[in-house]
Amino acid sequence: MRANLTCLRTLINPLLLLALLLPVPGFAEDATLDSRSQQAAPTAFADEKPRPVLHWGEGDGKSYLVPAADIAGFLFLLNQYDRHFMEDEVYHSSFSSFKENLTGGWVTDSDQFSINQFMHPYAGSMYFGFARSAGLDYWDSLAYTAGGSLLWELAGETSPPSINDEFTTGFGGTILGEPLYRMASLLLESGNGRPGFWRELGATALSPATGINRFAYGKRFKGVFRSNNPAVFTRFQLGVNLTATVKSNVSRNAATDAEAVPQSYREGEPIADFTIGYGLPGKPGYSYTRPFDYFDFQFTAAGSNIFENIISRGLLYGTDYSAGDNYRGVWGLYGMYDYIAPQIFRVSTTALGLGTTGQWWLSERVALQGTALAGVGYGSAGTVRGAGERDYHSGVSPQGLLASRLILADRAAIDLELRDYYVSGLAASESDGSENVIRAVATLTVRVYNLHGITLRYTFSQRDAEYTNLKDTQQTVAAVSLGYTYLGQTRFGAVDWRPQSAGGP
């Protein structure tokens, strides 16, 4: 899929930012957030239970035919748009090209990095959202997403179908789409009474397919997916990059025989960041029976490249567990989608991994939350505007994650993250090399007044690439940012299951 990226960015970015900026009833009610139930498990609702709880996925509110028609219609309109507004013959598909693609071989394509690694998963999240909002569960919706991607690969373009596109769209689209659908449902579910205009608009911005089904089919799909009132942590930040240090042996000059132009990282640019942890372990009565009953999602926008980070991971299959009186956790199989682009290079993977997420009360008022994951998927990495460099390289990609949040009472939190991606030469588009990318982030957030605070962040990213016919590449970038923070809840997401005698609420 070679959609007009600029046009879609223009459409998507304001909608995402609008959704994140919308005031959510209950989030800002400091008094109610200090209730005993919120102290036990900070949720998105000021009440004991969300209201309204409308029926979802039951009776006429569930359909296998509607999402099939939605996806087919969406693909037809997308093809027609590309055919008439894009100067590329690849979109002039016909029955003849469909027949050739159906009987021909599959390839690994090398479209632009942002198209293959973001636009394809986002298109998959649309297919997925059509199915989820029509009352289907995660696994049924995954099948629709893979089917929608297959239909595009065969009939949407004249070029041969692509294996990597099918994977990033059909599976990556669900890892990106389920958190967006859950956040949209959470927004619809919160507040009192039926969702009004602003909550419907916010939900549509987060999950456009959900909004389309809710608008197009009258009351049929007005039911809201039941969240079961999970413990959540939300944080929204607006800040600026104060300083940045870049070390790179890559030149920005496209002419390899011309004077080298060093890569740089823009200082002073604005940054917006949104984080949500959903289904945090430890809340009594909350179970993990559905995929993504626990997930973590982060979106970071920067002034220079807009999509700095899109990171999503969720528990696909697993269960909760405990160790003593002070530790609660979940473990199992996670789905992961990461897109990280620190201006001078980028990496993106779609993967499966095994791991655990938990919380440990270190003392009466200090808690430690953490995640450890190891997995493997298919990913891509490469430099940005590097003369003589490959644009990017794809292959089987082992990866690991260590993340922690040290919560100091209700006043401060220290987040530490370390990610490692190895894009190998196995099943690679070009099998004569490999890349390793490391990402480390340290964040200090201090709550100053009510739900308002400040955040100081240090981010370090490093890429090492080795190819037989290119010189070895080393790139590092380190940046410090400072910003205003709005917290969705107090206590930084700490869940407290302890009795009062042990420090609980």
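A residue is called buried when its relative accessible area is under 20%, exposed when it is over 50%, and partly exposed in between, using a 1.4 Å probe and protein chains only. T204 has a relative accessibility of 27%, and therefore counts as partly exposed.

The model described here is predicted, so that local features need pLDDT of at least 70 and side-chain atom pairs count only at pLDDT 80 or more, while totals for chains, interfaces and linings use all residues. Residues are numbered from 1 along each chain as its sequence is written, and side-chain values use heavy atoms, with hydrogens and water left out.

Helices (H or I, at least four residues) and strands (E, at least two) are DSSP runs, numbered from the N terminus. Twelve strands close into a barrel with antiparallel pairing, in the order β1-β2-β3-β4-β5-β6-β7-β8-β9-β10-β11-β12. Neighbouring strands of this sheet are turned against each other by 15° on average, direction ignored, where axes are lines fitted to C-alpha atoms, for helices over the stretch in contact, and angles run from 0 to 180 degrees between N-to-C directions. Two strands pair if DSSP finds at least two bridges between them, and some of these pairs are set out below.

| Strand | Partner strand | Bridges | Facing residues |
|---|---|---|---|
| β1 (residues 232-248) | β2 (residues 270-278) | nine bridges | T234 and I276 |
| β1 | β12 (residues 470-487) | 13 bridges | V246 and V477 |
| β7 (residues 366-383) | β8 (residues 393-408) | 16 bridges | A367 and I407 |

**Helix α6 on the sheet**

Helix α6 (residues 113-132) packs on the sheet, where it touches β4 (306-322), β5 (327-340), β6 (345-361) and β7, and its direction makes about 130° with that of β5; contact here means heavy atoms within 4.5 Å. Of the 20 residues of α6, 20 are buried, so the helix is largely enclosed by the rest of the structure.

**Around T204**

T204 lies in helix α10 (residues 197-206), and its side chain reaches the backbone oxygen of E200 at 2.8 Å. Eleven residues along the chain separate T204 from F215, and their C-alpha atoms are 9.6 Å apart.

Methods: Polar contact = N/O pair within 3.5 Å; in protein donor to acceptor, adjacent residues only side chain to side chain.
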